[in-house]
Amino acid sequence: MTIDSIRTELLEKKRSAEEIAREALEFAEAENPKTNAYLTFAPERALAAARAVDQKIAAGEDPGPLAGVPIAIKDVILTRGLRTTCASRMLETYIPPYDATAVIRIEQAGGVIIGKTNCDEFAMGSSNENSAFGPVRNPVALDRVPGGSSGGSAAVIAQGTAVLSLGSDTGGSIRQPASFCGVTGVTPTYGRVSRYGLTAFASSLDHIGPFSRTVRDSARLLQVMAGRDEMDSTSAVAPVPDYVAALDGNIRGMKIGIPKEFFDGLASDTGDVIQAAIQTLQKLGCEIREIRLPHTSYAVGCYYIICTAEASSNLARYDGVRYTRRSAAAGSLQEMYRKTRDEGFGAECKRRIMLGTYVLSAGYYDAYYLKAQKVRALVARDYAQAFEQVDAIVGPVSPHPAFKLGEKVDDPTSMYLSDIYTVTGDLAGIPCMSVPGGKTPDGLPVGLQVLANHFNETTMFRVADAFERA
Amino acid sequence: MKIAEQEVRRVAELANLALTEDEIVRMTQDMDGILTHIDKLSELDTTNVEPMSQVLYDAEETATLRADVERKPLGNADALANAPVSGQGYFKVPLVIEK
């Protein structure tokens, strides 16, 4: 199903939105034990939203651009009255008192939210193995990880248990799982989508973005969510163009940059798929140019200083006072803070809080945090210079396809290093996405990453859409 | 080693985390691994580089201010609904100052 096919069914009265929602929920609940992609289902909310769509259609009103479409929301994005856990023991029973702006806009557009998806705890991880409620399995190969942190949101699309989903991306958490599961995932320009109601991980890097089967559907979902929100002072005022109108499949003459640095350390099965994809773009009439992004090899170190520093500050609020969990063992106030945090956070969250606290602590600020902000400026400058020569950049998303569950859990540094091709886009704040690029000889999906300049989502979508059609 | 167990203990205190002895040992190894990689940043001369603390400055300064219109805030009951312990409109915590 796509947004268009559902719209046709509704307008031709083949099925009602309520029927579609009931079937979607039933199918998703039956299939979920295979992957553990959903943490919570929302039947009441979904059926109420679906009935509202049916009423609009009956009254001859426009039911909205996402009318009747079953949508899953990553469990770090707040949904009023619907449990939102961040896949953490800390928030196991947390019921948000308000909706995220992205959620409000989706429901206003007729979207039907059917449930909340599993992810790495507080969106920290690249394999979805850091969830307090068990890992997600990759629908393409059940013994492999779906990627992370938005593993559940990618898996539900691959599994067909939602038509659209929302993820969040701080260092690759939308593109990498999209690549691993063979679906489309988009990280928009920083500030393009309001983060009001997104649980803060690293505020200078966090994004909300769509997952879907097709490029067109991601463009439509972004269209609904994008634009200024007065509840998020970092949301951009730049006007939102019509993304879908530009998708004509013609990218002849477009200049595409291939960063040399994105091919260092790339597994050969992944490299072959990417090379073939580049040839496809050439056949579509693109001009392929090799470019340099010379600071790429510094990006992972830079990223893990900035994101952990910001995370250690953002996660300070989980102290046993306001957010559901308080250690039963607590005596004094200080003891309550410490025991609550020790019991509530998993190993990866603790690692990042520790690293972030360390790099911000007295005597280390200049050597780590300030240094990382300067290196971040160099990474962003690399892209600014590249976009003087090319319209878009393509490359791999991840150095390798989906790996086996448990394969990397004991080596956090190696897990961090595999974020090399995704963190640079987040550091620069540019739009970037993963579109299915092909498969390895073992049948594992490989995503093609497409990056464009700030607020140039249209160019990014045009390249990905033309590639998808080819 | 980039970091010693002693320092990990101090950081855990700053971060309000009560780590077990096993966790301290493991944490020291893990932090050492990533800090060793991070050391690579010192290869770069960043003397004249402005730190990037904001991503984009695309808006006029005042564009980030909303209209000064009164609106209903989250109510007291909603704000307290997720508190583990509350009473009389407040969050409750263990006794801080002894009598």
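Visitor: What makes up the secondary structure of chain A?

Guide: The tally for chain A is 15 helices and eleven strands. Both are DSSP runs numbered from the N terminus: helices are H or I over at least four residues, strands are E over at least two. Residues are numbered from 1 along each chain as its sequence is written, with chains lettered from A and ligands numbered from 1 in the order in which they are written. This is a predicted model, where local features need pLDDT of at least 70 and side-chain atom pairs count only at pLDDT 80 or more, while totals for chains, interfaces and linings use all residues.

Visitor: Why is chain A said to agree with a compact globule?

Guide: The radius of gyration is taken over C-alpha atoms, and the globule rule is 2.2 Å times the number of residues to the power 0.38. For 470 residues that rule gives a value near 23 Å, and chain A comes out at 21 Å, so the two agree. Along its principal axes, the C-alpha trace spans about 65 × 50 × 45 Å. By the burial count, 62% of the 470 residues of chain A are buried.

Visitor: Why is A87(A) called buried?

Guide: A residue is buried if 20 or more other C-beta atoms lie within 10 Å of its own, exposed if 12 or fewer, and partly exposed in between, with C-beta atoms placed from the backbone. A87(A) has 34 such neighbours inside 10 Å, so it counts as buried. F122(A) passes too, because it has 30 other C-beta atoms within 10 Å.

Visitor: What is the phi of A87(A), and what is that of F122(A)?

Guide: Most residues other than glycine have a negative phi, and most peptide bonds are trans. A87(A), in the loop between β2 and α4 (101–108) of chain A, has a positive phi near 55°. F122(A) sits in the loop between β3 and α5 of chain A, and its phi is positive as well, at about 50°. There is a cis peptide bond from G148(A) to S149(A), with omega near 5°; S149(A) also belongs to the loop between β3 and α5 of chain A.

Visitor: What makes β5(A) a partner of β6(A) and of β10(A)?

Guide: Two bridges join β5(A) to β6 (residues 207–212) of chain A in the antiparallel sense, with T184(A) bridged to S212(A). For a parallel case, take β2 (residues 70–74) and β4 (residues 164–169) of chain A, joined by three bridges, where I73(A) is bridged to L166(A).

Visitor: Which residues touch the most other members of the largest nonpolar core?

Guide: A nonpolar core is a set of buried Ala, Val, Leu, Ile, Met, Phe, Trp, Tyr and Cys residues joined through C-beta atoms within 7 Å. The largest one has 161 residues, and I71(A), I114(A) and V450(A) touch the most other members. Helix α9 (residues 299–314) of chain A is its main contributor, giving ten residues. Beyond its neighbours within four places in sequence, I71(A) has contacts that include I106(A), I114(A), A162(A) and L164(A).

Visitor: What makes up the side of chain B that touches chain A?

Guide: Two residues are in contact if their C-beta atoms, placed from the backbone, lie within 7 Å. On that count, 43 residues of chain B are in contact with 59 residues of chain A. The elements of chain B giving two or more residues are α1 (5–14), α2 (21–38) and α3 (76–80), and α2(B) gives the most, with seven. This side divides into 30 nonpolar, seven polar and six charged residues; here Ala, Val, Leu, Ile, Met, Phe, Trp, Tyr, Cys and Pro count as nonpolar, Asp, Glu, Lys and Arg as charged, and the others, Gly among them, as polar.

Technical notes
Two strands pair if DSSP finds at least two bridges between them.
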